[in-house]
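Q: Hello! Could you walk me through this structure and show me how to read its features?

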Amino acid sequence: MNPRLPIFLSYADEDKSYLNEFVTHLKLLQMQDQVCAWSDLDLAPGAEWERDIGISIDSARAAVLFVSQHFLASDFVRKSELPRLLNERKAKGLPILPLIVSHCVFSLTTFKYPDPDLGPDEFVLSSIQTVNKPHEPLSSLHQNQRDEVFARLAGQLHKIWKREAG
């Protein structure tokens, strides 16, 4: 049996409904032991949440970013999650898949890593191909169109799993 693809899901609390919708689309791949998705919703009471988030990022072989104005404005995303994810991308080739949730300044956003204040590296997030077009965010789509985007993203993660499973 092929190992499951660990996926880190990064989102802002305000966008939790989109995360939950997407996780439903991943359910079949999870039941077939192809992927295991992780977000902070998986933290158990009493968990050391910062440590556990770091462990999940370090073990991820793909990451999905739920990009919105809330995501881009989140201090935790900016100072903790994204610098680590970008460092993993540079060091290990971690695939990062931005999913545009709402209209935001995605194209203007840069992040520093490995240190969020000092860098020395800086990355323009919009240089990564998005799952959906930035001018067609999930928030502006009807349910069947969102389902199409989520299914396409699940298919992309399946391709990554297949490629890694070799």
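A: Gladly. Contact means heavy atoms within 4.5 Å. Helices (H or I, at least four residues) and strands (E, at least two) are DSSP runs, numbered from the N terminus. This is a predicted model, where local features need pLDDT of at least 70, side-chain atom pairs count only at pLDDT 80 or more, and totals for chains, interfaces and linings use all residues. Residues are numbered from 1 along each chain as its sequence is written, and side-chain values use heavy atoms, with hydrogens and water left out.

Q: What covers the buried residues of helix 1?

A: Buried means under 20% relative accessible area, exposed over 50%, partly exposed in between (1.4 Å probe, protein chains only). In helix 1 the buried residues are Tyr18, Leu19, Glu21, Phe22, Leu26, Leu29 and Gln30. Their cover includes strand 1 (5-10), strand 2 (35-38), strand 3 (62-67) and helix 5 (143-165).

Q: Where is the kink in helix 1 centred?

A: The bend at a residue is the angle between axes fitted to the seven residues ending there and the seven starting there. Here the kink is about 40 degrees, centred on histidine 25. After helix 1 comes aspartate 33, with a positive phi near 60 degrees.

Q: Which residues have the most contacts inside the largest nonpolar core?

A: A nonpolar core is a set of buried Ala, Val, Leu, Ile, Met, Phe, Trp, Tyr and Cys residues joined through side-chain atoms within 4.5 Å. The largest has 27 residues, and Ile7, Phe22, Leu26, Phe66, Leu99 and Leu157 have the most contacts inside it. Helix 5 gives the largest share of this core, seven residues.
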